[in-house]
Amino acid sequence: MFKRQFGFSPSCRLRKTDEFSSVFAFKCIVHSEHFQVYAKPCETARLGLIVAKRIQKTAVGRNKMRRFIRECFRLQQHTWQADFIVRIKKSFVNHLDCVDCHAELRALLDKANQKCQPKS
């Protein structure tokens, strides 16, 4: 039977305030033109999202950005061992080509994963 390897189950999400606070308190931050990523090492990768209303006024636009980030995370989550919070700094809904944003986010998550891991 087919096994789902790339799902985005509820266990892959940061939901509670305490979960978000612990990632913010770790203070491992990387940023780029469109995104700011906070990270904290853990066993399995989880994702939290922050999309402010001042960045994108419509709920449709904010949800589109959330879906885009979740999809990027879902495809690569098996390679990371950290909790991530992605904060949007600049809207990218109106861009016709989101391939650049996809590559930018993936590189940023890779960088955050490497930066937050303990040195041994």
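**Figure 1. Strand 2 and strand 4 in the predicted model are antiparallel partners.** Strand 2 (residues 35-41) is joined to strand 4 by 7 bridges. Within this pairing, V37 lies opposite V86 of strand 4. In a regular strand, side chains alternate between the two faces of the sheet.

**Figure 2. Strand 3 pairs with strand 4 in the parallel sense.** The pairing of strand 3 (residues 46-50) with strand 4 extends over 5 bridges. G48 has I85 of strand 4 as its bridge partner.

**Figure 3. Strand 4 is largely enclosed by the rest of the structure.** Strand 4 runs antiparallel to strand 2 and parallel to strand 3.

**Figure 4. Helix 2 and helix 3 cross at roughly 55°.** The axes of helix 2 (residues 59-76) and helix 3 (residues 99-116) come within 10 Å. The crossing of the two helices is right-handed. On helix 2 the contact is formed by F68, I69, C72 and Q76, and on helix 3 by C101, H102, L105 and R106. Sorted by class, the residues in this contact are 5 nonpolar, 2 polar and 1 charged.

**Figure 5. K27 has a positive phi.** K27 is located in the loop between helix 1 (17-26) and strand 1 (28-31). The phi of K27 is near 60°, a positive value in a residue other than glycine. With a relative accessible area of 67%, K27 is exposed.

Key. Residues numbered from 1 in each chain as written. Predicted model: local features only at pLDDT ≥ 70, side-chain atom pairs only at ≥ 80, totals over all residues. Heavy atoms only, no water. Axes fitted to C-alpha atoms, helices over the stretch in contact; angles between N-to-C directions. Helix = DSSP H or I, 4+ residues; strand = E, 2+ residues; numbered from the N terminus. Left-handed = near helix turned anticlockwise from the far one by under 90°. Contact = heavy atoms within 4.5 Å. Nonpolar A, V, L, I, M, F, W, Y, C, P; charged D, E, K, R; others polar. Buried < 20%, exposed > 50% of the residue type's maximum accessible area, 1.4 Å probe, protein only. Pairing = 2+ DSSP bridges.
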